[in-house]
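Open the structure in your viewer and keep the sequence beside it. The stops below say what to select and what is there.

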Amino acid sequence: MTLAITLGGNSIGGYVNVSILQVEDSIQVKGDRCDAEMVLDLSDATQLARKPRPGQILVVTDAGTKEFEGPVLTVQETPGGPPYVFKYTLAAIDYTYFLGRYVLQGGSSAERLFTPLLIASTNAGNMIISIIQTWFPNNEFTAALTNAGGYIELGPVIPDQEFDYEDIVSAIDRISEIALYNWYVDFDRKVHFFAFEGEDAPVPIIFLDSATEHFGNLTLTEDISQVKNRIYMTDYGEQAVRYHTFAGDNYTTFFSIPYEPKEDLTTMTVAKGGT
């Protein structure tokens, strides 16, 4: 494994504890995450220039393949022992974070705070492209159909959609759910929108006994605390005759009984006033 790690354009691989570097890749939970820890001696000018700050872009590559890229959300600084030495714990998320910072409203810029955004019925992919290109007109994100060199499939036609102060991540989630598609933003800020069945698995087959390099952070736990060889059920049998009493109020006409009647029930008697 050949790791290269940069923060704000500066190489920090020599200061990061790679043994606990963690990248979490998930499509279901939008936004890949990366947690890293680094130690710096701030008395050294080179290391001082690499002091992490929230908002900087963290990039992790392995043998030339980009494993993560996105902004640092939080930086925790704790004394590292010797003078001027500090430990920094970084938590970063991918570029999906920036989409979630914008809410959708309609109308002109002056009216946008008061008018919901209405997108007429069209293909789901076109809806997503319209949202991205309207809110990011300077191509901060790439959103184009697959037949135009992009990564967004056209998808099915879906009904009109109205968005009122709904953030872009939530809006695309809704469109994807209606279309039965999925989506994500890659590390180059390209928006992908695709059908589940059309996406190939990253690994065609995994041999669980030998291919441990594909396990990631898989943890198996065995627990016998809930193993039982007998289960006792009490208060299950129905009495031959059961009585229920309800107080009337001159208005209520339906009364609920606490137990479901037996399947072979043949007679149910209702008496008023105890008679």
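Begin with V59, whose bridge partner in β6 is E69. Strands are DSSP runs of E with at least two residues, helices are runs of H or I with at least four residues, and both are numbered from the N terminus. Two strands count as paired if DSSP finds at least two bridges between them.

Before going on, note that this is a predicted model, in which local features need pLDDT of at least 70, side-chain atom pairs count only at pLDDT 80 or more, and totals for chains, interfaces and linings use all residues. Residues are numbered from 1 along each chain as its sequence is written, and side-chain values use heavy atoms, with hydrogens and water left out.

Select residues 57-62, strand β5, together with residues 65-79, strand β6: six bridges pair them in the antiparallel sense.

One place to look is E77, with Y88 as its bridge partner in β7. This hairpin has five residues between its strands, and G81 in the turn has a positive phi of about 120°. Y84 is also in the loop between β6 and β7. Its phi is near 70°, a positive value in a residue other than glycine. Is Y84 buried or exposed? Y84 counts as exposed because its relative accessibility is 56%; the cut-offs are under 20% for buried, over 50% for exposed and in between for partly exposed (1.4 Å probe, protein chains only).

**The whole sheet**

Now show the open sheet of seven strands, in the order β2-β1-β5-β6-β7-β4-β3, with antiparallel pairing. Its edge strands are β2 (10-11) and β3, each pairing on one side only.

Select D32, in the loop between β3 (22-24) and β4 (33-41). D32 is buried but has no salt bridge, and the nearest side chain of opposite charge, R33, is 8.3 Å away. A salt bridge needs a side-chain nitrogen of Lys or Arg within 4 Å of a carboxyl oxygen of Asp or Glu. For charge, Lys and Arg count as positive and Asp and Glu as negative, while His and the chain ends are not counted. Leaving aside neighbours within four places in sequence, D32 has contacts (heavy atoms within 4.5 Å) that include E24, F68, I93 and F187.

**The cores**

Next, select L99, I132 and I168, which touch the most other members of the largest nonpolar core, a set of 31 residues. Such a core consists of buried Ala, Val, Leu, Ile, Met, Phe, Trp, Tyr and Cys residues joined through side-chain atoms within 4.5 Å. Helix α3 gives the largest share of this core, seven residues. Beyond its neighbours within four places in sequence, I168 is in contact with L99, Y102, L104, I131, I132, W135 and F136. Apart from this core lies another, of 18 residues, among them L7, I12, L40 and F68.

**A last stop**

Finish at Y165, in the loop between β12 (161-163) and β13 (166-167). Phi of Y165 is near 60°, a positive value in a residue other than glycine.
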